[in-house]
Amino acid sequence: HEYFMVYQPVYEVAKMEITSYEALIRWESPVIGAISPAEFIPLLEENDLIIPVGRWILRQVATQIKEWEKEGQTDFRIATNISVKQMMHPDFLNNVKSIIEETNVSPKRLIFEITESVAVQNSGLATAILAELNELGVQTSLDDFGTGYSSLSILKLLPIQQLKVDRSFIIEMEQNEEKSLVILQGILDIAKNLGLVTVMEGVETPEQLELLKSMGAQKVQGYLISRPVVAELAIELRNQDWKY
């Protein structure tokens with residue numbers, strides 16, 4: 001009972017409003033205080049505890065969606081990070097289906113974010129699982145694109161609807177690296193032509209947002225909009241008059 005969820009808003013440029021959130025787990029221990037996800041998530045992975053914790057996260061997200069709907073909120077989605085080990089577990093799809101049935105949540109409210117390492121480990125199985133999720137109505141997203149050994153071929157390989165571009169591009173943009181701007185523009189153009197929604201991570205200033213808007217970024221996420229916050233504060237942000 002020491003875990004809890006926070007939600008970081010995702011701002012849609014064309015609509016000038018928050019249209020989705022990323023759900024993130026946090027751990028607050030009464031004994032040792034707050035523990036960074038960077039510390040405890042790898043331990044969950046290492047000990048296979050990511051499987052039951054992943055189920056708990058999905059159930060929390062589905063329940064939160066239903067609560068927000070009861071409050072009259074519509075037209076939003078919540079993205080959840082799915083680890084390689086979690087997704088490749090034999091019970092993964094059955095667990096997803098049972099949670100959807102148990103909570104009566106609409107699958108169209110859900111986005112599952114995966115990293116490219118999923119495809120590297122077993123591209124055939126990953127493709128089949130993502131396709132079945134899409135059939136259920138769950139959208140899928142490739143997270144942290146542009147890090148590691150990202151390949152453009154992965155964009156045509158995996159049945160995804162959304163591409164999250166790593167914040168490292170924002171940092172390099174600030175350093176006036178012309179090559180990084182050219183590469184980022186290329187990624188945004190390719191994603192658009194493939195029919196993928198793009199989300200830029202790590203946006204912290206109005207200047208960054210203006211540049212990204214001019215480059216055709218569709219959605220942004222970062223401290224400029226909001227840090228990850230608890231559900232009550234997260235949903236209130238939708239009621240603000242956004243002028244970015």
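Visitor: Where is the place of V230?

Guide: This is a predicted model. V230 sits in the loop between β9 (219-221) and α10 (231-236).

Visitor: Is V230 buried or partly exposed?

Guide: V230 counts as partly exposed because its relative accessibility is 33%, and buried would require under 20%. Together with F4 and L233, V230 forms a nonpolar patch on the surface. The accessible area of the three together is about 230 Å².

Visitor: How is a pair of packed helices described?

Guide: By the angle between the two axes and the distance between those axes. Here, take helix α8 (residues 178-193) and helix α9 (residues 206-215): the axes come within 10 Å and cross at roughly 55 degrees.

Visitor: Which residues of α8 and α9 meet?

Guide: From α8, L181, L184, Q185 and L188; from α9, L211, L212 and M215.

Visitor: Now the charged side chains. How many salt bridges does the structure hold?

Guide: Side chains of opposite charge can pair when their charged atoms come close. The structure holds 11 salt bridges. One of them joins K97 and E132, with the closest N and O atoms 2.8 Å apart. This pair links distant parts of the chain, as K97 is in helix α4 (residues 92-103) and E132 in helix α5 (residues 117-136), 35 residues apart. K97 is partly exposed at 33% relative accessibility, and E132 is partly exposed at 29%.

Visitor: Are E113 and K164 buried or exposed?

Guide: Both are buried. Their side chains meet in a salt bridge at 3.1 Å, N to O. E113 belongs to strand β5 (residues 110-114) and K164 to strand β7 (residues 162-165), 51 residues apart, so the pair links distant parts of the chain.

Visitor: Which residues are linked with E113 and K164 in a network of salt bridges?

Guide: E22 and E201. E201 lies in strand β8 (residues 197-201) and is buried, with a relative accessible area of 12%. Not counting residues up to four places away in sequence, E201 touches several residues, including D143, D144, K164 and R167.

Visitor: What does the salt bridge of E204 with R167 tie together?

Guide: The closest N and O atoms of E204 and R167 are 3.6 Å apart. E204 lies in the loop between β8 and α9 and R167 in the loop between β7 and α7 (168-174), so the pair ties together parts that are 37 residues apart in sequence. E204 is partly exposed, at 41% relative accessible area, and R167 is partly exposed at 38%.

Methods. Residues numbered from 1 in each chain as written. Predicted model: local features only at pLDDT ≥ 70, side-chain atom pairs only at ≥ 80, totals over all residues. Heavy atoms only, no water. Patch = residues over 30% accessible without salt bridge, like charges linked within 9 Å, V, L, I, M, F, W, Y side chains within 5 Å. Areas by Shrake-Rupley, 256 points an atom, 1.4 Å probe, with all protein chains shown as cover. Salt bridge = Lys/Arg side-chain N within 4 Å of Asp/Glu carboxyl O. Helix = DSSP H or I, 4+ residues; strand = E, 2+ residues; numbered from the N terminus. Buried < 20%, exposed > 50% of the residue type's maximum accessible area, 1.4 Å probe, protein only. Axes fitted to C-alpha atoms, helices over the stretch in contact; angles between N-to-C directions. Contact = heavy atoms within 4.5 Å.
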